[in-house]
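Subject: Structure handover

Hello,

Here is the structure I promised to pass on. Please open it next to this email as you read.

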Amino acid sequence: MTYTHLTTDELVIIEAYFHHDTPISHIAKRIGRARQTVHNVIAYLRDGHTALDYYQRYQENKKRCGRKRMVLPTDQQAYIEKQVAQGWTPDVIVGRQEMSIDCSGRTLYRMFKREAFDAATLPMQGKRKPNGHQERRGVRRSDATFPKEQMTTRRSMMNSATWKATPSLVSVTRVPSLRWSNASQKPSS
């Protein structure tokens with residue numbers, strides 16, 4: 001399960017309870033947090049700090065966590081832009097050994113997606129649809145095949161009261177099946 005960080009509202013609530021000398025276990029139950037989490041904040045508050053100080057310290061520490069975004073040197077960036085302008089794809093650029101690129105093809109595609117490079121300069125993928133093309137979902141194929149005036153007449157017919165009130169043209173009647181007890185009673189063919 002992932003850790004959900006303390007919000008500013010929770011920090012202010014913890015600080016208010018701390019000033020009223022509420023026990024840590026009661027604070028933890030009331031805000032739905034672990035006792036250790038609340039204890040860490042209370043210990044920081046006991047040192048004379050405020051909830052705002054705790055939050056600012058948290059923001060500073062958070063900057064050092066997680067994966068850092070990769071930034072390529074300017075000579076490699078220029079090389080990539082030049083090769084893409086000539087029609088090369090990022091995986092081909094990384095695979096070639098002309099210049100050592102400090103990332104994988106997947107990371108380079110991710111850089112195009114994050115707009116570190118212009119994705120419009122990439123060679124078009126596929127034969128008919130440009131990069132970034134999205135299919136429009138929900139378009140009925142039957143609407144596209146008929147001219148507009150035919151579709152409006154079909155829709156008006158289907159929505160009219162006469163269409164719904166018209167009985168079915170084919171009525172089905174059930175015929176009981178005949179079973180012959182003897183072979184002699186069967187009709188001859």
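Below is what was found, from the overall fold down to single residues.

**Overall**

Please keep in mind that this is a predicted model. The protein has 10 helices and zero strands. Along the sequence the pattern reads α-α-α-α-α-α-α-α-α-α. The chain has 189 residues, and 22% of them count as buried. Take the contacts in the protein with a separation of 6 or more: 42% of them join residues 24 or more positions apart.

**Salt bridges**

How many salt bridges does a search of the whole structure find? The search returns two.

One pairs Arg33 with Glu10, side chain to side chain, at 2.9 Å from N to O. Arg33 sits in the loop between helix H2 (24–31) and helix H3 (35–46), and Glu10 in helix H1 (residues 8–19), so the bridge ties together parts that are 23 residues apart in sequence. Are these two residues buried or exposed? Arg33 is buried, and Glu10 is buried as well.

The other bridge joins the side chains of Lys63 and Glu60, at 3.5 Å from N to O. Both residues belong to helix H4. They are three residues apart, about one turn of the helix. Why does Lys63 count as exposed? Its relative accessible area is 59%, and the cut-off for exposed is over 50%. Glu60 has a relative accessible area of 45%, so Glu60 is partly exposed.

Arg67 is placed in the loop between helix H4 (51–63) and helix H5 (74–85). With 68% relative accessibility, Arg67 counts as exposed.

Arg67 also turns up in the surroundings of Thr107. Thr107 is part of helix H7. Its relative accessible area is 13%, so Thr107 is buried. Which residues does Thr107 contact, once neighbours within four places in sequence are left aside? They are Arg67 and Met70.

Two loop residues deserve a look here.

Asp21 has phi near 55 degrees, a positive value in a residue other than glycine. Asp21 lies in the loop between H1 and H2. Its relative accessibility is 69%, so Asp21 counts as exposed.

Glu115 is not a glycine either, yet its phi is positive, at about 70 degrees. Where is Glu115? The residue lies in the loop between helix H7 (105–113) and helix H8 (141–145). Glu115 counts as exposed, with 68% relative accessibility.

**Thr121**

Thr121 is also found in the loop between H7 and H8. At 40% relative accessibility, Thr121 counts as partly exposed. Beyond its neighbours within four places in sequence, Thr121 is in contact with Val84 and Phe112. Gln86 is another residue to check against Thr121: the two are 35 residues apart in sequence, and their C-alpha atoms are 9.5 Å apart in space.

**Tyr44**

Tyr44 belongs to helix H3. Is Tyr44 buried or exposed? Tyr44 is buried, as its relative accessible area is 12%. Not counting residues up to four places away in sequence, Tyr44 touches His49, Thr50, Asp53, Tyr54 and Arg57. Tyr54 is 10 residues away along the chain, and the C-alpha atoms of Tyr44 and Tyr54 are separated by 7.3 Å.

**Where to start**

For a quick tour, begin with the bridge between Arg33 and Glu10. Then turn to the bridge between Lys63 and Glu60. Finish with Tyr44 and the residues in touch with it, including Tyr54.

Best wishes

Methods:
Residues are numbered from 1 along each chain as its sequence is written. This is a predicted model: local features need pLDDT of at least 70, side-chain atom pairs count only at pLDDT 80 or more; totals for chains, interfaces and linings use all residues. Side-chain values use heavy atoms; hydrogens and water are left out. Helices (H or I, at least four residues) and strands (E, at least two) are DSSP runs, numbered from the N terminus. Buried means under 20% relative accessible area, exposed over 50%, partly exposed in between (1.4 Å probe, protein chains only). Contact means heavy atoms within 4.5 Å. A salt bridge is a side-chain nitrogen of Lys or Arg within 4 Å of a carboxyl oxygen of Asp or Glu.
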